Amino acid sequence: MRLLRTPLVCTLILLLCWWCSPANADLALLQIPDKPASAVSATENLELCQITLKLTETQSDQQQVVAGMLRIRDAQGNLIPLPELLNRGTGVNSRPESERAGIHSWSVVPGAVQLSIPRSRLTLEAFSGLSTELTRTEIDLAGKSSAEITLKLKRFANLSPEWKTANTHLHLMKLSREECDRYLQQIPAADRLDLVFVSYLERAIADKTYISNRYSQQDLQELSRSGGVQFGWGEEHRHNSTGYDEGYGHVMLLDIQRLIQPVSIGPGIMKQGTDGIPLARGIRSALADQATVVWCHNAWGLESTPNFLAGRVHALNIFDGGTRSTYEDSFYRYLNAGCKVPFSTGTDWFQYDFSRVYARLQQPLTPASWLESLRSGRTFITNGPLLDLHINGKSVGDQLELSPGQNRVTIQATGRGRLDFQKLELIHNSKVIQTQSTKPVGKHFEARLDLNLEIDEPGWIAVRTPSPSVPQDPQRQQQTPLNEYGRELFAHTSPIYLKWNGQAHFDLTQARAFLTEMQQNRKKIASQFLFADPQERAAVLDVYSDAIEGLQNRLNSP
């Protein structure tokens, strides 16, 4: 017990508590284990069988080898270590109780692979991306020195080829360049992503380990040529007032032509300078360079609202780095205030989840063409269930014109998922107006909504699965089912917009709430933030003053 009282041990305990605190949630995800957490020492002395293994899927009436995930257990349910393969949880922190079933229990199969596994009875499980069922096979390798194993995967959801999926927010740290190349070449492909934006981020001292900062636009273009996944270049432009506090917020600038300087603003993150530069300045520079602007972390940040109201933001990321708030706290507020807000998401540090955004495009996939579809709102976000929504032949991102006598709408919505997502929910102007429970179909789950409605007001309609819990909110503790990586399931389409007699939705109550919010934030910034001179203060406060004036004019107009 004396060891526990030593200064070194106490210091390590304090550092661990700080590292895992909610204020440091975006960094607490990270660890680089020396060996996969799923390694089982009990198998080390067993005789081994040399196997050749591949995953296949029927494509164009032929079995094609595909990348995917693999997990092997022995007869007692213990995980078999697969040191030849990349552990899917590389870089992601885990809890001991989740290692047997979460992200660290899976290994990446990039193609046909050679493995050494025990000569015993084993259970193999595999899947690829979000649209194949889980394949589970039992084999007996007793007395065998070699074997060839093919695991056939069955696709249950055949999305139109127009739907392309992307992770809009990714950073990597504490890897060598070789390890990072392997990570990027294997994990996005096995998760069946089409596009990944690797983004630059600065933070005093800590960014020395940010390996993703060392990839130039040319490096990512070269990486795109080496496999089926394309890579785009971006920047996380951000301000923190103190350490990891909210500050002005974080925003992704995607498909940029150059870094927008300064990348990070404020002494809270850079340990120097002032709070005298608003994010709006960098956003305007990025827009002038034809970049796409995506707000991060559920509209987190004091400057999100004035930038959305001014039309400077193309889309909003939710759940990129954790579920710190809900749809109601982010997307719905802006939609109800009359903003068109496409939905988006990513994973921030490492690909700790399946989180991705599907965008429908009708031209060849490039970072630029995909982002054009994102800006148009033809998207849905998910980390599991696959959604579809049509109203009178219109799809997500479209606008439907309604008027008296022409106000009946026919709605079809579907959800499909490998795991039971419980129910499908139809949302009209923030409220759930219809639900449909899931049912098992083969080895996956489906739900479908078909209904007719009469609409007599402007607004928007979307479809979703139940909202995940918010750990920080005592009122929102109800969890959704966990996916294969141990994360709560979510899925939500961008809306179909409803115009009534030519009028778009504009909720006065929400608009007034935004007015109060911006006035309070302007006051807080003026009194608590650090500025070198009155000109710096004015440059920041003008962002809020201009948005307040614009919203007041709209509220006062007939």
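Which helices do the buried residues of α11 pack against?

## Basis of the model

This is a predicted model, in which local features need pLDDT of at least 70 and side-chain atom pairs count only at pLDDT 80 or more, while totals for chains, interfaces and linings use all residues. Residues are numbered from 1 along each chain as its sequence is written, and side-chain values use heavy atoms, with hydrogens and water left out.

## Helix α11

The buried residues of α11 pack against α6 (279-288), α7 (304-309) and α10 (508-528), where contact means heavy atoms within 4.5 Å and helices are DSSP runs of H or I, at least four residues, strands being runs of E, at least two, numbered from the N terminus. Those buried residues are V540, L541, V543, Y544, A547, I548 and L551, buried meaning under 20% relative accessible area, exposed over 50% and partly exposed in between (1.4 Å probe, protein chains only).

At L541, α11 also bends by about 35°, the bend being the angle between axes fitted to the seven residues ending there and the seven starting there.

## Salt bridges

The whole structure holds 20 salt bridges, each defined as a side-chain nitrogen of Lys or Arg within 4 Å of a carboxyl oxygen of Asp or Glu. One of them joins E57 and R155, with the closest N and O atoms 2.7 Å apart; this pair links distant parts of the chain, E57 lying in strand β1 (residues 48-59) and R155 in the loop between β8 (146-153) and β9 (163-171), 98 residues apart. E57 counts as buried because its relative accessibility is 1%, whereas R155, at 27%, counts as partly exposed.
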